[in-house]
Amino acid sequence: MPDRTTSNSDTSGSLTASPLLRIPGLCLTILRRIVDVASLLLLAYMSCAILAQIIGRYFFNYSIAWSEETATFAQVWLILLGAGIAMRFNQHVGVDVLIRKAPLPVQRLCNGAGLLLGLWFLGVVVVGSLSMLSIGFMIKSPALQIPMAVPYMALPVGFGYFLIEFAVTTLPRVIDPDRAAASETEEAKA
């Protein structure tokens, strides 16, 4: 069974032989491990916080306000990090039937345009979400009274991670569409 921690667009051919390209690959692997562990911990915490809320409410007739609030914050973080994880495994919906049937130069052009538009959009979202942080430092959460910048930080971090995974997944489609399509088909069969 293939290792699911690597992307379907892993350029493990002649490119990784270069020492200069090993460092970004190592950084990407470390980042992916951190995101995987953080997502797992967020999911575990969210489950425990909701369970504590249910037990408190129905068995002890006591509502734990902070557990619902922190579970919501954990869910926001989990969703935004999960979008990047889904991008890593190419699990977002995409319709590329016409692009795959087109000649190679047209495939490269369409994939390149999609890459540039996607990077532009995600860049705008990351930069735009940074302005929310200044507002978040002035607003406190209702139950815990922590700055709302903590949950708001999920936007630039989550979309920043999504941007990285989007670039890593989409760039091979621009460089060599046939090879990328073949590796995606091979991984789908596995």
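## Fold

Helices, like strands, are DSSP runs numbered from the N terminus, a helix having at least four residues. In this predicted model, the elements of the chain follow the order α-α-α-α-α-α-α from the N terminus on. The chain has seven helices and zero strands.

Of the contacts with a separation of 6 or more, 76% are between residues 24 or more positions apart.

## Dimensions and surface

The radius of gyration of the chain is 20 Å, whereas a compact globule of 190 residues would have one near 16 Å. The C-alpha trace spans about 65 × 40 × 35 Å along its principal axes.

Of the 190 residues, 32% are buried. The chain carries 13 positive and 12 negative charges, and their mean positions lie 1 Å apart.

## Salt bridges around E165

The count of salt bridges comes to four. In one of them, the side chains of R32 and E165 meet at 2.8 Å, N to O. This pair links distant parts of the chain, since R32 belongs to helix 1 (residues 19-59) and E165 to helix 6 (residues 154-175), 133 residues apart. Both R32 and E165 are buried.

E165 also forms a salt bridge with R88, with the closest N and O atoms 3.7 Å apart. Because E165 lies in helix 6 and R88 in helix 2 (residues 65-88), this pair ties together parts that are 77 residues apart in sequence. E165 has a relative accessible area of 0%, so E165 counts as buried. R88, at 1%, is buried as well, because buried means under 20% relative accessible area.

Another salt bridge joins the side chains of D96 and R100, at 3.1 Å from N to O. D96 is partly exposed, with a relative accessible area of 27%. R100 is also partly exposed, at 38% relative accessibility. Salt bridges that share partners join R32, D36, R88 and E165 into one network.

## R179 in helix 7

R179 is located in helix 7 (residues 177-189). The relative accessible area of R179 is 51%, so this residue counts as exposed, the cut-off for exposed being over 50%. R179 and A102 are 77 residues apart along the chain, and their C-alpha atoms are separated by 15 Å.

Conventions. Residues numbered from 1 in each chain as written. Predicted model: local features only at pLDDT ≥ 70, side-chain atom pairs only at ≥ 80, totals over all residues. Heavy atoms only, no water. Helix = DSSP H or I, 4+ residues; strand = E, 2+ residues; numbered from the N terminus. Rg over C-alpha atoms; globule rule 2.2 N^0.38 Å. Buried < 20%, exposed > 50% of the residue type's maximum accessible area, 1.4 Å probe, protein only. Contact = heavy atoms within 4.5 Å. Lys, Arg positive; Asp, Glu negative; His and termini not counted. Charge placed at Lys NZ, Arg CZ, Asp CG, Glu CD.
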